[in-house]
Amino acid sequence: MPLALVVALLLLLSNLAMQTLMLQVRSRRAVVLELRQAEDNLTSAAHLLVGRLQERHACLFQLNLAAWSLAGLSCGDPAEIMGLIRAEAHGVAWEVIGWQPQPGGQHVELLLQLRPREGQPPRRGQFLVDLEPMASPPRALALRHQGLRGIPATGL
């Protein structure tokens, strides 16, 4: 009888260990899925932003983000330009955190942040926009995803 109890206890403990392992695997998969969805959403937002800039506000390609509001007076409606900085499309809301033209005029670093959904941290993605420098106004040639960036502190 004592041997049967020990065997039953060992079976119970091994079953609990297997359940714990499966819960950890499931949790890890959920995190990976959420990160992939964030990357997809950020990439879609970046493509939409660059497309909108190319279509109506190519004059902003060579300006830092801080200068966009001032350039809005000559480049388009300031409210429309603010709508580029904070936008939403297809259920995805984002904000441009950084737009930094690089020396030489061939590249722009773009930093986007998804507006967080309830219970999720905000996600940031960095992109490199390749420009055709000889075009006037500049044209976007390619958009390259540079990966997710750190999770900002709340309140940024």
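**Exercise 1. Determine how the lining of the largest pocket divides by residue class, and where that lining comes from.**

Solution. By class, the lining of the largest pocket holds seven nonpolar, four polar and four charged residues, where Ala, Val, Leu, Ile, Met, Phe, Trp, Tyr, Cys and Pro count as nonpolar, Asp, Glu, Lys and Arg as charged, and the others, Gly among them, as polar. The model is a predicted one, in which local features need pLDDT of at least 70 and side-chain atom pairs count only at pLDDT 80 or more, while totals for chains, interfaces and linings use all residues. Residues are numbered from 1 along each chain as its sequence is written, and side-chain values use heavy atoms, with hydrogens and water left out.

Next, take the volume, which is about 220 Å³ for the largest pocket. A pocket is an open set of points on a 1 Å grid over the protein atoms alone, where a 1.4 Å probe fits, with protein on both sides within 12 Å along at least five of seven lines, and lining residues have an atom within 4 Å of a point; the volume is the space filled by probe spheres set on the points, which are joined across faces, edges and corners. Of the 15 lining residues, N41, L114, R115, R117 and Q120 are the closest to the centre of this pocket. Finally, α1 and β2 are the elements that give two or more residues to the lining, and α1 supplies its largest share, four residues.

**Exercise 2. Work out the order of the strands in the sheet and identify the strands at its edges.**

Solution. Begin with the inventory of three helices and five strands, which are DSSP runs numbered from the N terminus (helices H or I, at least four residues; strands E, at least two). The five strands form an open, antiparallel sheet in the order β1-β2-β3-β4-β5, two strands being paired if DSSP finds at least two bridges between them. β1 (86–89) and β5 (139–149) each have a single partner strand, so one side of each is left without a neighbour in the sheet.
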